[in-house]
Amino acid sequence: MSTESISIHTTYIPLGQFLKLAGVIDTGGMVKPFLADYDVFVNDEQDQRRGRKLYPGDQISIPDIGVFQIVKEENA
């Protein structure tokens with residue numbers, strides 16, 4: 001499974017916002033039920049907190065959905 005890069009322009013992004021940005025869920029209201037139904041691993045550690053801060057370099061793995069890497073968006 002390939003790793004998809006997700007660019008952020010802020011210092012960090014909360015897990016709930018990341019799920020929307022990555023296209024895993026459609027709305028913020030879907031975060032809590034999604035986290036209840038799916039295992040989410042941040043840097044190989046399971047974490048279901050929607051407010052978990054994700055920083056550039058963090059890797060998020062969601063079995064049967066994908067693997068994502070947070071990267072800092074470079075200013076042009």
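**Entry 1. Overall layout**

I read along the sequence and noted the pattern β-β-α-α-β-β-β-β-β for the protein. That comes to two helices and seven strands. I keep in mind that this is a predicted model.

I looked up the overall dimensions next. The C-alpha trace spans about 40 × 25 × 20 Å along its principal axes. The radius of gyration is 12 Å, which agrees with the value near 11 Å that a compact globule of 76 residues would have. I noted that buried residues make up 33% of the 76 residues. Of the contacts with a separation of 6 or more, 48% are between residues 24 or more positions apart.

**Entry 2. The sheet**

In what order do the strands of the open sheet lie? I wrote down E1-E7-E6-E3-E4, which is five strands with mixed pairing. E1 and E4 are the edge strands, each pairing on one side only. As background, strands of a sheet pair through backbone hydrogen bonds, either parallel or antiparallel.

I then went through the pairs that involve E7. Strand E1, residues 3-8, pairs with E7 in the parallel sense over six bridges. Within this pair I looked up Ser 7, and its bridge partner in E7 is Val 71. On the E6 side, E6 and E7 run antiparallel and are joined by four bridges. Here I found Ile 60 opposite Phe 68 in E7, and Ile 62 has Gly 66 as its bridge partner in E7.

**Entry 3. The hairpin and two positive phi values**

I followed E6 into E7 and found a hairpin with three residues between the strands. Asp 64 is in this turn, and I noted for Asp 64 a positive phi of about 70° although it is not a glycine. Is Asp 64 buried or exposed? Its relative accessibility is 78%, so I count Asp 64 as exposed.

I found a positive phi at Asp 44 as well, about 70°, and Asp 44 is not a glycine either. Asp 44 sits in the loop between strand E3 (41-42) and strand E4 (45-46). With a relative accessibility of 70%, Asp 44 counts as exposed because the cut-off is over 50%.

**Entry 4. Salt bridges**

How many salt bridges does the structure hold? I noted two. In one of them the side chains of Arg 49 and Asp 47 meet at 2.7 Å, N to O. In the other, Arg 52 meets Asp 47 at 2.6 Å, N to O. I therefore recorded Asp 47, Arg 49 and Arg 52 as linked in a network of salt bridges.

I checked the exposure of these residues. Asp 47 has a relative accessible area of 7%, so it is buried. Arg 49 has 51% and is exposed. Arg 52 is buried, as is Asp 47.

**Entry 5. Asp 58**

I turned to Asp 58, which I found in the loop between strand E5 (53-54) and strand E6 (59-62). Asp 58 is buried yet has no salt bridge.

What I did find is a polar contact of 2.9 Å between the side chains of Asp 58 and Asn 43. I also listed what Asp 58 touches, not counting residues up to four places away in sequence: Asn 43, Lys 53, Phe 68, Gln 69 and Ile 70.

**Entry 6. Lys 53**

Lys 53 was on that list, and I looked it up in turn. Lys 53 is in strand E5. With a relative accessibility of 39%, Lys 53 counts as partly exposed, because that value falls between 20% and 50%. Leaving aside its neighbours within four places in sequence, I found Lys 53 in contact with Tyr 12, Ile 13 and Asp 58.

I ended with one distance. Lys 53 and Thr 3 are 50 residues apart along the chain, and I noted a separation of 19 Å between their C-alpha atoms.

Terms used:
Residues numbered from 1 in each chain as written. Predicted model: local features only at pLDDT ≥ 70, side-chain atom pairs only at ≥ 80, totals over all residues. Heavy atoms only, no water. Buried < 20%, exposed > 50% of the residue type's maximum accessible area, 1.4 Å probe, protein only. Lys, Arg positive; Asp, Glu negative; His and termini not counted. Salt bridge = Lys/Arg side-chain N within 4 Å of Asp/Glu carboxyl O. Polar contact = N/O pair within 3.5 Å; in protein donor to acceptor, adjacent residues only side chain to side chain. Contact = heavy atoms within 4.5 Å. Pairing = 2+ DSSP bridges. Rg over C-alpha atoms; globule rule 2.2 N^0.38 Å.
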